[in-house]
Amino acid sequence: MEFTYEGVKAQLIEDILPFWLKQVDTTHGGFYGLVDENLIVDEKADKSGVLMSRYLWALSAAYPYVKDSEILNAARNVFDFIVNHMEDKEHEGIYWSVTYDGKPSVTQKHVYVQSFTIYALSEYYKISQDPESLSLAVRLFNLIEEKAYLSDENGYHEEFSKEWKSSPATLMGPKGTDEYFSTNTVLHLIEAYTNLYTVFADDQLLALIKRLLDNISQYIISPLGHCRTEFHRNWTALNENISYAHDIETAWLLYRTLEVINQTDETYYTHKINQIVESVVEEGLDKHGIIIDQLKEGKKTTTKQWWSLAESVIGFYDAFMRTSNKDYEEMAEKHWCFIQNYLLNPVELSEWYPHVDEDGKIVQDKSTNISDAWKGPYHTVRMYVEMIDRFSR
């Protein structure tokens with residue numbers, strides 16, 4: 001498929017969205033929690049808060065470009081499932097996961113899943129104007145600020161018990177560690193707050209978005225242009241690991257934030273963003289010019305994940321639009337071609353493989369699921385809708 005408006009939109013409409021729409025659980029609500037590499041659905045798999053919110057966001061984001069009532073109905077279905085089964089009505093917040101039929105399974109509260117739910121509810125509000133979706137998004141925003149923000153350290157504790165008592169990391173981050181911050185959670189928190197601001201232009205929310213921008217630019221982005229990944233509570237790095245995939249995602253998401261809050265003329269931030277992209281180009285590409293996932297313990301990984309390729313297409317094209325540097329446009333297209341050649345499952349109405357090596361061969365020692373708690377429609381659908389939007393400008 002060609003890297004054009006027509007090609008990208010056709011693939012979204014003809015293959016990607018139909019696959020995800022097939023996963024609606026018409027019996028218990030929401031979407032099935034797991035589809036394996038052979039496209040066999042596990043109807044009894046748990047449904048994670050991250051996956052359900054990503055379904056809601058992806059369908060809501062796609063609807064303006066593909067105004068199909070099936071998409072709207074599916075978005076409403078998963079919204080109802082989140083409200084009726086994933087929201088803790090007693091202690092507030094969104095559970096980490098529930099059983100296939102909607103009973104609490106992993107009841108911890110994590111800022112990451114609260115953030116994704118805010119992100120999704122804000123997007124759903126745009127297509128539904130359902131006041132309940134906006135109301136819940138604002139409640140979750142206030143809950144994060146009340147329960148998770150640590151004013152002395154200027155950061156967010158990430159994991160909590162069902163009753164919102166702080167606990168060490170078990171779900172994400174450095175396992176067993178209590179006092180830490182992670183770039184992954186901060187990035188998706190500012191992503192969520194930014195999207196909420198598009199439908200809830202609140203002064204306090206704007207102030208917190210700016211505070212997160214300052215934290216990212218001051219603590220997370222290193223002088224060399226990489227995003228440090230994990231931190232002690234004093235914002236000193238826990239390690240020297242680099243996630244090049246998160247770097248390229250961070251670059252375009254931060255610029256999106258600047259666009260939403262009307263600060264694209266802030267040269268300090270735009271310089272930082274451009275520096276991130278330049279660092280990825282200099283150090284984070286493999287022998288084929290395709291992004292390397294990460295540098296971990298001094299070694300660069302060779303496995304390519306679906307999400308890193310998706311974010312690279314957006315990130316490099318976004319850099320091209322900002323700078324008019326044609327090299328970035330070529331890098332975006334090169335990543336698109338890699339996806340077409342190696343990541344797309346050739347079975348009709350399927351999706352992307354989750355992991356391949358740098359030569360495009362399927363990696364068998366990692367998850368091969370087409371859909372599970374982490375691999376949902378978020379990154380792939382987002383790549384399509386972001387590129388459709390960019391090509392149409």
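# Helix packing exercises

Of the 18 residues of α10, 15 are buried (under 20% relative accessible area; exposed is over 50%, partly exposed in between, with a 1.4 Å probe and protein chains only), so α10 is largely enclosed by the rest of the structure. The model is predicted: local features need pLDDT of at least 70, side-chain atom pairs count only at pLDDT 80 or more, and totals for chains, interfaces and linings use all residues. Residues are numbered from 1 along each chain as its sequence is written, and side-chain values use heavy atoms, with hydrogens and water left out.

## Exercise 1: Positive phi in loops

Locate Q129 and E297, and decide whether E297 is buried or exposed.

**Solution.** 

1. Q129 is not a glycine, yet its phi is about 55 degrees. Its place is the loop between α4 and α5 (131–147).
2. E297, also a non-glycine residue, has a positive phi of about 50 degrees. E297 sits in the loop between β11 (294–296) and β12 (299–300).
3. The relative accessibility of E297 is 71%, so this residue counts as exposed.

## Exercise 2: The pair α4 and α5

Are α4 and α5 roughly parallel or roughly antiparallel, and which residue classes make up their contact?

**Solution.** 

1. Axes are lines fitted to C-alpha atoms, for helices over the stretch in contact, and angles run from 0 to 180 degrees between N-to-C directions. The axes of α4 and α5 lie 8 Å apart, and the helices pack at about 155 degrees.
2. Angles under 35 degrees count as roughly parallel, over 145 as roughly antiparallel, 65 to 115 as roughly perpendicular and the rest as oblique. Helices α4 and α5 are therefore roughly antiparallel.
3. Contact means heavy atoms within 4.5 Å. Among the residues that meet are V111, Q114, L121 and Y125 in α4 and P131, L134, L140 and F141 in α5.
4. By class (Ala, Val, Leu, Ile, Met, Phe, Trp, Tyr, Cys and Pro nonpolar; Asp, Glu, Lys and Arg charged; the others, Gly among them, polar), this contact has twelve nonpolar, six polar and no charged residues.

## Exercise 3: The pair α6 and α8, with T257

Describe how α6 and α8 are arranged, and then characterise the surroundings of T257.

**Solution.** 

1. The axes of α6 (residues 183–197) and α8 come within 10 Å and cross at roughly 25 degrees. The two helices are therefore roughly parallel.
2. The crossing of α6 past α8 is left-handed. Its contact residues include I190, E191 and T194 of α6 and L253, R256 and T257 of α8.
3. The contact of α6 with α8 comprises six nonpolar, six polar and three charged residues.
4. T257 belongs to α8 (residues 244–260). Its relative accessible area is 1%, so T257 is buried.
5. Apart from neighbours within four places in sequence, T257 is in contact with I190, T194, I209 and L213.

## Exercise 4: The pair α2 and α12

Determine the relative direction of α2 and α12 and the handedness of their crossing.

**Solution.** 

1. The axes of α2 (residues 49–62) and α12 (residues 378–392) come within 9 Å and cross at roughly 15 degrees. These helices are therefore roughly parallel.
2. The crossing of α2 and α12 is left-handed. R54, W57, A58, A61 and A62 of α2 make the contact with Y378, H379, V381, R382 and V385 of α12.
3. The contact residues of α2 and α12 divide into seven nonpolar, one polar and two charged.

Definitions and conventions: Helices (H or I, at least four residues) and strands (E, at least two) are DSSP runs, numbered from the N terminus. A crossing is left-handed if the near helix is turned anticlockwise from the far one by less than a right angle, and right-handed if clockwise.
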